[in-house]
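Subject: Structure for your review

Dear colleague,

Please find below the structure that I am handing over to you. My notes on it follow, arranged by region.

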Amino acid sequence: MIATAAQLQPSNYLNCSKGWKSWAFTLDHKRIGVMYLVGVLSAFLLGGIFAIIIRLELLTPAADMLGAGDATAAKDRYNEFFTLHGAIMTFLFIIPSIPGSLGNFFLPIMLGAKDVAFPRMNLMSFYLWVGGAIFFLSALLMTGLDTGWTFYTPYSVETNAAVIPATIGVFILGFSSIFTGLNFVVTINTMRPPGMTWFRMPLFLWATYSTAIIQLLATPVIGITVLLLLAEYTLQIGIFNPAYGGDPVLYQHFFWFYSHPAVYIMILPAMGIISELLPVFCRKHIFGYKFIAFSSVAIALIGFLVWGHHMFVSSQSKMTAAIFSFLTFFVAIPSGIKVFNWLATMYKGNIRLATPMCYVLSFLFLFTIGGLTGLPLGALSTDRPLHDTYFVVAHFHYVMMGGTLIAFLAGIFYWWPKMFGKMYNEFWGKVSAGIVFVGFNLTFFPMFILGTQGQARRYASYEPVFQPLHITATCGALLLGFGLCVAAAVLVHSLFYGRKAPMNPWGAATLEWTCTSPPIHHNFDETPWVGDPYIYDNLVWDPEIEGYVERTPSRPGMKPLEQPAHA
Amino acid sequence: MLNSITQTLPVAGFWFRTGASNFVEEVDGLYMLILWISLAFFVLIVGAMALFVLKYRMRAGHDVEQSPSHNNAIELTWTIIPTLIVMVIFVLGFVGFLNMANSPEDAYEINVVANKWNWNFVYPGGVEDPNLHVWKNQPFKLVQSSKDVIHSLYVPAFRIKMDCVPGRYTYQWFEVDRLPEPDDADNIDNAGRMPDGSDAEVGYDLFCAEYCGTGHSSMWAKVIVHESKADFDKWYDVASDIFNDPEGNRRPLAEVGKELYLKKGCIQCHSLDGSAKVGPSFKITADQWGTNAKMTTGEEVNVDENYVRQSILEPNAKYRAGYKPGMPVISLKDTKEKPEIDALIAFIKSLKDK
């Protein structure tokens, strides 16, 4: 009998069962993670295409391209495209991105566990995401959603657009997020292996834990809010619409009570990835472990108390504005602490500039700009001219895209060998990081100047004086899109032509690197031994397998330390 | 004090457009202070990062050096110093904000009524204008409201912004200390964007900053600054009676109608050249005058004075095939506005011959 290829290969989670049903009904957190990865990256592609369309329309001051010369039609299309861009990127991509894909895949493995606490709920979470996504896309295919991703009332209750399917979509997506969060909280609380105390947990888990707390506590509020919106829209009950005696600013409070903490749902896992990757590529213990861990918790908690800074010009009282401004500055501190600790980790390290590390450095640069440009928005007087301008657009893209997306890419490049068992081309990986970095700055830095100069957000047409900066941003967006395509090509290429990945290509000390690449179905044959996740002294480079192997410390005739040849 | 440090620096004009109000010094000063603090931190962080990458990059003969992995003193240092810095920024921002939030007693009040998608400035004497007319060195308080959705009144040169929220009044104030100059960015002729397509008035840009739908990006106006109260009064006298010209002679009704068309925002949705915008073109209405036009319901309605009058007073009662309802109710005071409705009807009828 001739052995099939699958039988020759060692069994892993990818080849242990076959057929579409083995994926569609899988309870394996790794397969769910991979399905999430495919899902969120598809959403990202869609949102990115809308972003490019927006940027192309903005090449000329007049609204023309999208309406084939008809300004009214062009403006309506533009409003639909920026709404879809924002809504898809926020609800379908960035909120589920890291927890759904990398979190699902690696959280249990980092704990030495076989799966999350509630595997069925985990699969349910993915299908809720799919359902929510379908509702969103149905809104696109129906009359076109033009409310902005914020659904501000009374605009959203007066427009003819498909607000109902979109808000039902948000409601469903909210449950997807809650299920993921609940699973993570329970898994981390109950399934840590013996010896893994809270302070021996990898920092990525601290970050996902803090994120999960926010998902659990804040997401129900957006659920309630969209239900109220739905009730007002269909039954004309006066809640938010002044036409029926409601208060539109109340909606903003409800909305941002969720959506501001959601900003930290987006950035905290990204910070977790950076905290995980930096020490590995510096070959040095993370600096200030407890400060980084507690700063994640601090961000999660203070993040609940600053939502009012989205409403500094919405007629909230002076006292309210002052309190929110004050608290907003406090949430900046834990982020600063993290950045300083990351830098201190690099000090006296042995920095290996592999592709994931290039993305990490890109993150540090961009996130620093994103964080610092929050200061003039948090200060009450300087926020006045900057509120609702391109300055805000630039600021949150530096944080959300320069921060979360770049960290997500760093994480994908870092864990890719583990997830799919293939090494990608390092050279082209680094090239992609470089193009994305340049393209990103070219796209979004001009927006700071546009904002201070007076370019308001969500404008389909603009003053001719702004055109050079808009052209620069559009060129940058095309370059950025190209860079992301290169990154995708590098990864996809590796699936077919990549060299087989060793067990531990980067020399990391967290538990997922003690699994095979890719991991077997149940992750570990025996429960692994838990050590300090950031001590690398006993991991040495083995040129034969082009990966790191564990060395028993006091063995006689020990090999001298070697560096990776392509470092 | 802030200002003297920062305004002299060459980077000042790079960010904000030339300012023209009493808040400019405060806002720009704090912005520049934050900018310099941020630059210092940015250079520190990215500089250290670049230095470490160069110095400690993995290479033959280089290895990780022993160094501590925690140090409470240094952690506290980089927690407390940034905290103190942001507290200073908070206090300075708060002080500036209080100044912006509390208008002086002697401020001249102007009502602002925002609707999709034009501005209407209502002066104490009842005169209405689509542009904001003020004079130099006098505090003005804007009493803002909205007829439909949320808008936001934003004048970049004054560094002010405040939402116009339906169902409540909002306030902001300013005092202009400088007339617009020909080389200000604001004076660049926005060809095709001034409501009548020509004669863009010299003034500061006033934008809508809160997304409000189709016409959001063209919902803008100018702040016209008069040298003195006397100059303002001169404009006011003319504006207060659009039916008479400055010499006191009656103006033709169609001409008054055209002015209303430009000033009241009809132009945002109704073209004069037959092309469809959000609403039907007035040229089409003129061409159909006296004949029947098809409504969305399938009903045929005779296009005449009564139809136009009803369309102004109850805009969503009947709307033509191919269009969506959504025109704001311009006014419910039929009797008071009657001469203006007459003027608009005359204007629409005058388009037929073109």
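In what order do the five strands of the open sheet that contains β4 and β7 of chain B lie? The order is β4-β10-β9-β6-β7 (chain B), and the pairing is mixed. Two strands are taken as paired if DSSP finds at least two bridges between them. Helices (H or I, at least four residues) and strands (E, at least two) are DSSP runs, numbered from the N terminus.

Before I continue, two remarks on conventions. This is a predicted model, in which local features need pLDDT of at least 70 and side-chain atom pairs count only at pLDDT 80 or more, while totals for chains, interfaces and linings use all residues. Residues are numbered from 1 along each chain as its sequence is written, and chains are lettered from A and ligands numbered from 1 in the order in which they are written.

Chain B

To return to the sheet above, its edge strands are β4 (132-135) and β7 (160-164) of chain B, each of which pairs on one side only. Neighbouring strands of this sheet are turned against each other by 20 degrees on average, direction ignored. Within the sheet, strand β9 (residues 204-208) and strand β10 (residues 220-226) of chain B pair in the antiparallel sense over four bridges. B:Tyr204 has B:Val223 in β10(B) as its bridge partner. Helix α5 (residues 229-239) of chain B packs on the sheet, where it touches β4 and β10 of chain B. The direction of this helix makes about 150 degrees with that of β4(B). Axes are lines fitted to C-alpha atoms, for helices over the stretch in contact, and angles run from 0 to 180 degrees between N-to-C directions. Two residues are in contact if their C-beta atoms, placed from the backbone, lie within 7 Å.

Another open sheet of five strands in chain B has the order β3-β2-β1-β5-β8, again with mixed pairing. Strands β3 (128-129) and β8 (170-175) of chain B form its edges. Strand β1 (residues 108-115) and strand β2 (residues 118-122) of chain B run antiparallel and are joined by five bridges. There, B:Asn115 stands opposite B:Asn118 in β2(B).

Overall, chain B holds nine helices and 12 strands. Of its 354 residues, 35% are buried. A residue is buried if 20 or more other C-beta atoms lie within 10 Å of its own, exposed if 12 or fewer, and partly exposed in between, with C-beta atoms placed from the backbone. Among contacts in chain B between residues at least 6 apart in sequence, 61% join residues at least 24 apart. B:Leu30 lies in helix α3 (residues 24-56) of chain B; B:Leu30 counts as buried because 24 other C-beta atoms lie within 10 Å.

Nonpolar cores

A nonpolar core is a set of buried Ala, Val, Leu, Ile, Met, Phe, Trp, Tyr and Cys residues joined through C-beta atoms within 7 Å. In the largest core, of 257 residues, A:Val360 and A:Ala410 touch the most other members. Helix α9 (residues 248-282) of chain A gives the most to this core, with 22 residues. Leaving aside residues up to four places away in sequence, A:Val360 touches A:Ile274, A:Leu277, A:Leu278, A:Phe281 and A:Ala410. A second, separate core of 11 residues includes B:Val256, B:Ala343, B:Leu344 and B:Ile345.

Chain A

In helix α12 (residues 355-372) of chain A, 18 of its 18 residues are buried. A:Phe440 is found in helix α16 (residues 426-453) of chain A. Why does A:Phe440 count as buried? The reason is that A:Phe440 has 25 C-beta neighbours inside 10 Å. Residues up to four places away aside, A:Phe440 touches A:Leu366, A:Met401, A:Gly402 and A:Leu480.

Four bridges join β3(A) to strand β4 (residues 547-550) of chain A in an antiparallel arrangement. The two strands form a hairpin with four residues between them, and A:Glu546 in the turn has a positive phi of about 50 degrees.

The contact between the chains

Chain A contributes 80 residues to the contact and chain B 77 residues. Helix α11 (residues 318-346) of chain A gives the most to the side of chain A that touches chain B, with 14 residues.

Yours sincerely
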